[in-house]
Amino acid sequence: MTIIKPETCAIDISVGGMTCASCVGRVEKALRKVPGVLSASVNLATESARIQVQGDASMEALLRRAVRDAGYDPRTAAQADAALNASPWEGFSAVAWGSALSLPLVLPMLGDLFGQHWMLPAWLQFALATPVQFVLGARFYKAGWHAAKALSGNMDLLVALGTSAGWLLSVWLWWDAAPGSMPHLYFEGSAVVVTLVLLGKWLEARAKQQTTSAIRALHALRPETAHWMGPEGVVDVPLLEVLVGDHLVVLPGERFPVDGVLLEGETQVDESMLTGESQAVLKTTGQALTGASINGDGRVTMRVTAVGQETVLAHIIRLVEDAQAAKAPIQRLVDQVSEVFVPVVIGVAVFTLGAWLWQGALFETAVIHAVAVLVIACPCALGLATPAAIMAGTGVAAKNGILIKDAQALELAHRVDTVAFDKTGTLTMGLPRVTELWAASAPEKAQWLRVAAGIQSGSEHPLARAVLSMAHDQQLVASPCEQVRSVAGRGVEAQIQGRSYLLGSLAWMQSEGLDLAPWQAQIDLLHGQGATVSALTERRVQGQAPGLLLHALFAFGDEPKPGAAEALAALRQRGLRLVMISGDNQAAANAMARRLGLRPEAGEVRAEVLPADKSALINQLKEGGHIVAMVGDGVNDAPALAAAHVGMAMGNGTDVAMHAAGITLMRGDVALVAAALDISARTVAKIRQNLFWAFAYNVAGIPLAALGFLSPVLAGGAMALSSVSVMTNALLLKRWMPLRDKT
């Protein structure tokens with residue numbers, strides 16, 4: 001019996017109510033317990049969960065129920081969008097009320113510094129502090145209770161325990177005081193800590209909004225309506241009603257609403273949203289148009305080729321969202337620490353209480369020091385350190401034409417020491433032309449060109465397009481052919497009028513029995529000029545000696561991409577090892593390599609590499625202990641891109657290559673390779689800085705609080721400051737620009 005496994009898919013859920021790294025761990029555990037869940041990854045900075053599941057359509061409902069049962073809020077898409085686009089002042093009212101109620105409690109403390117005694121009556125302190133503790137601070141009790149029920153802990157539990165202990169201590173001291181006396185109460189400590197934590201969370205939320213600005217900016221590029229050409233003329237319709245095949249009018253200065261091709265008119269198009277390149281691109285009839293790019297000064301008509309989630313813009317948004325929601329490998333350490341952090345802190349607080357009592361301190365003094373330990377040890381900064389930096393780094397990279405698909409590629413890229421490049425289309429223009437057609441006699445050239453054009457008529461290979469272009473320029477009609485057979489990485493064989501012709505690489509011809517010795521001088525001359533040489537041959541007919549007859553040699557030439565040599569030189573200056581991979585023969589590959597500034601004598605050229613062998617070459621480099629990045633653009637580069645530690649696909653290449661790569665360079669510019677490595681290094685540096693300060697803050701703060709050097713108020717302020725400082729440090733990445741763009 002055949003068992004068909006249910007299809008696996010990814011489900012994204014927006015999760016509200018998470019406050020620290022411990023919350024992330026609780027939500028992940030709850031999701032992983034749901035039957036059918038393969039993996040679950042929760043991101044604190046984006047407040048989202050990505051779950052890989054194996055099941056039916058009811059899985060999402062079960063996952064949402066699990067999130068709610070864990071004590072958190074599974075938000076709808078509308079609620080998530082509202083949170084993403086919320087006002088910067090959203091949630092500030094709680095901070096304002098907390099400040100207004102806490103300020104009268106703090107003023108007497110300030111007055112003591114100047115010899116003024118403004119102590120409020122105990123009943124008034126109670127009246128001011130209680131609403132802050134139990135109304136504004138209700139969120140901490142609710143979330144902390146859910147954590148306690150799950151035998152776990154989080155920031156809310158620490159804050160609830162610490163401030164409640166301070167409030168209860170004050171009530172007890174007030175109740176136990178002699179009539180007419182004025183005991184020293186700690187209502188102000190609890191109220192100010194709650195207010196400071198609320199202030200810290202509000203500032204943190206504002207910083208989070210800035211880290212998601214890249215996503216919001218991309219969404220904002222979509223126009224709401226389109227000028228649809230209907231039976232009754234041009235009509236404005238909502239973008240959601242536009243279909244593939246529709247004809248749209250785009251006026252000067254407007255954004256193209258969806259992807260399509262230009263039908264009528266000519267215009268300059270600003271594609272900076274796609275490529276990061278501000279220079280406008282000329283578009284003529286038949287050329288592709290990308291949704292959200294800006295029309296120049298021409299009124300044009302376009303035919304729609306993609307709408308909704310199939311557009312380039314939607315694809316870019318998905319890539320950025322996926323990267324920002326992903327966890328970097330370094331985050332695993334944080335997750336492991338956060339699982340045991342809160343229980344350990346509670347244990348330290350209990351130990352602090354006991355130690356001070358054992359030393360003979362008053363009960364209220366011991367309690368205050370234990371409260372300070374609970375308050376200062378919040379793991380918020382730990383939970384935000386990694387995702388905040390990843391969000392900022394991937395966002396600014398996307399604005400500059402570098403799409404980072406996963407956090408692992410981002411984290412690995414800065415460690416790359418070897419960069420391997422595909423030659424055609426990556427380092428060169430990828431538009432080869434026939435530089436010379438050699439035949440035994442000049443009159444036969446046209447005949448063999450027609451034959452070659454017929455063989456290549458159905459191919460999209462760059463060399464095939466060059467042959468067809470030459471035939472078109474000479475106004476020659478391609479010979480009709482049949483039984484076309486493509487041999488991967490070698491060439492094409494076809495039947496024309498009952499005769500079998502082969503057109504492809506010299507290595508293939510030799511393997512089929514062709515002796516190249518009579519033409520070796522001509523071949524060496526062409527190779528010395530940097531040309532790629534292909535041969536047109538015919539299989540001998542029955543009755544003749546087996547083998548091939550050579551009819552013509554085609555020499556193909558390509559040009560280096562503008563700026564490619566300078567980009568390679570910049571990578572070399574970074575201390576990177578460079579390798580060019582080519583299917584050309586060694587002489588032609590060496591000639592092009594020298595034009596690009598590469599050194600064949602230093603092993604920087606790997607020639608005569610078949611497409612199927614590219615991934616093996618990458619694995620060979622990896623086995624040598626190198627961290628390898630592969631840069632390519634074609635379908636045949638996809639296995640090598642996937643095999644490399646970091647795959648970088650040129651945005652002007654194929655979809656297959658872009659899917660296989662972890663990073664896509666939207667401009668197809670070699671200079672973006674160095675830029676991608678640079679933003680990776682800077683992002684990882686920010687992650688390490690954030691983690692260092694988050695760990696150092698707790699390592700230093702907890703002992704200081706336990707030893708009595710920090711009051712609960714100072715501990716609360718320091719705790720709030722730690723989260724805000726981590727977010728602010730990550731946001732510094734938004735100022736990054738590729739090196740060559742800095743002025």
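Modeller: A disulfide here means a pair of cysteine sulfur atoms within 2.5 Å, and a search of the whole structure on that basis finds zero disulfides. Please keep in mind that this is a predicted model, in which local features need pLDDT of at least 70 and side-chain atom pairs count only at pLDDT 80 or more, while totals for chains, interfaces and linings use all residues. Residues are numbered from 1 along each chain as its sequence is written, and side-chain values use heavy atoms, with hydrogens and water left out.

Biologist: OK, and is C23 buried or exposed?

Modeller: C23 counts as buried, because its relative accessibility is 0%; buried means under 20% relative accessible area, exposed means over 50%, and partly exposed lies in between, with a 1.4 Å probe and protein chains only.

Biologist: What about C481?

Modeller: C481 has a relative accessible area of 25%, so it is partly exposed.

Biologist: Zooming out, how many helices and strands does the chain have?

Modeller: There are 27 helices and 26 strands in the chain, where helices (H or I, at least four residues) and strands (E, at least two) are DSSP runs numbered from the N terminus. Of the 743 residues in the chain, 50% are buried. Taking contacts between residues at least 6 apart in sequence, 70% join residues at least 24 apart, and a contact means heavy atoms within 4.5 Å.

Biologist: Now helix packing: how do α13 and α26 cross?

Modeller: Helix α13 (residues 363-376) and helix α26 (residues 671-706) have axes that come within 8 Å and cross at roughly 165°, which makes α13 roughly antiparallel to α26. The axes are lines fitted to C-alpha atoms, for helices over the stretch in contact, and the angles run from 0 to 180 degrees between N-to-C directions. Angles under 35 degrees count as roughly parallel, over 145 as roughly antiparallel, 65 to 115 as roughly perpendicular and the rest as oblique.

Biologist: Which residues make the contact?

Modeller: From α13 they are H369, A372, V373 and I376, and from α26 they are Y697, N698, G701, I702, A705 and A706. By class, this contact of α13 with α26 has seven nonpolar, three polar and no charged residues, with Ala, Val, Leu, Ile, Met, Phe, Trp, Tyr, Cys and Pro taken as nonpolar, Asp, Glu, Lys and Arg as charged, and the others, Gly among them, as polar.

Biologist: And how do α5 and α6 sit?

Modeller: The axes of helix α5 (residues 122-136) and helix α6 (residues 138-149) come within 4 Å and cross at roughly 40°, and α5 and α6 are therefore oblique to each other. Q133, F134, V135 and L136 of α5 meet A138, R139 and Y141 of α6, a set that divides into five nonpolar, one polar and one charged residues.

Biologist: Switching topic, where is T301, and what does it touch?

Modeller: T301 is in strand β13 (residues 300-306) and, at 6% relative accessibility, counts as buried. Leaving aside residues up to four places away in sequence, T301 touches M229, L248, V249, V261, L262, L263 and E264. The C-alpha atoms of T301 and L251 are separated by 8.9 Å, although these residues are 50 apart along the chain.

Biologist: Last one: what is the phi of Q475?

Modeller: Q475, a residue other than glycine, has a positive phi near 55°; Q475 lies in the loop between α18 (462-473) and β17 (482-487) and is exposed, with a relative accessible area of 73%. E608 is not a glycine either, and has a positive phi of about 55°.
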